Amino acid sequence: MSNAKVLPLLEPDVVACCPPLTERPISANEAETAAKMFKALGDPVRLRLFSAVASHEGGEACVCDISDVGVSQPTVSHHLKKLKEAGLLSSERRGAWVYYRVEPSVLAAMGALLNGAAQKA
């Protein structure tokens, strides 16, 4: 007889940086937080790296799997660091490699910020 217990799945906490853009004017602090995210994604190499991580099987990617974006490895590391500083990626070292992931709450929060504007269009 098994003592296995089924645990409920928890929805990730969505911590939005600010309300949807069409809800109300955002404050200076909210704008600064959102601008850091958008600035980080404003670079084509960073956008490609973010997309590579977000779309990678299992929701995380080893740096060795995503570094083919046309720049040197030190430049890839720099861009990944900027994405982490903006709160868009998290990482975990496993042996010699670093694995990156986009937390579901980050994508949900970014979607919530822009979703109101899309729905009114």
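1. **L21.** In this predicted model, L21 counts as partly exposed, because its relative accessibility is 44% and that class lies between 20% and 50%. L21 sits in the segment before helix 1 (28-41). Leaving aside residues up to four places away in sequence, L21 touches I26, L113 and L114. There is also a link across the sequence. L21 and N115 are 94 residues apart along the chain, yet their C-alpha atoms are separated by 8.3 Å.

2. **Confidence.** Mean pLDDT for the chain is 81. Of the residues, 81% reach 70 or more. Helix 2 (residues 44-55) has the highest confidence, at a mean of 94. Helix 5 (residues 104-120) has the lowest, at a mean of 74. Read one stretch with this in mind: over residues 5-14 the pLDDT is below 50. Beyond near neighbours in sequence, that stretch has five contacts in the model.

3. **Helix 2 against helix 4.** How are two packed helices described? By the angle between their axes and the distance between the axes. For helix 2 and helix 4 (residues 73-85), the angle is about 75° and the axes are 10 Å apart. That makes helix 2 roughly perpendicular to helix 4, because angles of 65 to 115 degrees count as such.

4. **The residues in that contact.** Helix 2 contributes V45, R46, L49 and F50. Helix 4 contributes V76, H78, H79, L80, K82 and L83. By type, the residues of this contact divide into six nonpolar, two polar and two charged.

5. Three strands form an open sheet, and their order is 1-3-2. The pairing is antiparallel. Which strands stand at the edges? Strand 1 (60-62) and strand 2 (90-94) do. Each has a single partner strand, so one side of each is left without a neighbour in the sheet. On average, neighbouring strands of this sheet are turned by 25° against each other, direction ignored.

6. **Strand pairs.** Strand 1 pairs with strand 3 (residues 97-101) over three bridges, in the antiparallel sense. C62 stands opposite Y99 in strand 3. Strand 2 is joined to strand 3 by five bridges, and these two also run antiparallel. Here S91 stands opposite Y100 in strand 3.

7. **The turn.** What do strand 2 and strand 3 form together? They form a hairpin, with two residues between them. Look at G95 in the turn: its phi is positive, at about 65°.

Note on methods:
Residues are numbered from 1 along each chain as its sequence is written. This is a predicted model: local features need pLDDT of at least 70, side-chain atom pairs count only at pLDDT 80 or more; totals for chains, interfaces and linings use all residues. Side-chain values use heavy atoms; hydrogens and water are left out. pLDDT is the predictor's confidence in each residue, from 0 to 100. Helices (H or I, at least four residues) and strands (E, at least two) are DSSP runs, numbered from the N terminus. Contact means heavy atoms within 4.5 Å. Axes are lines fitted to C-alpha atoms, for helices over the stretch in contact, and angles run from 0 to 180 degrees between N-to-C directions. Angles under 35 degrees count as roughly parallel, over 145 as roughly antiparallel, 65 to 115 as roughly perpendicular and the rest as oblique. Ala, Val, Leu, Ile, Met, Phe, Trp, Tyr, Cys and Pro count as nonpolar, Asp, Glu, Lys and Arg as charged, and the others, Gly among them, as polar. Two strands pair if DSSP finds at least two bridges between them. Buried means under 20% relative accessible area, exposed over 50%, partly exposed in between (1.4 Å probe, protein chains only).
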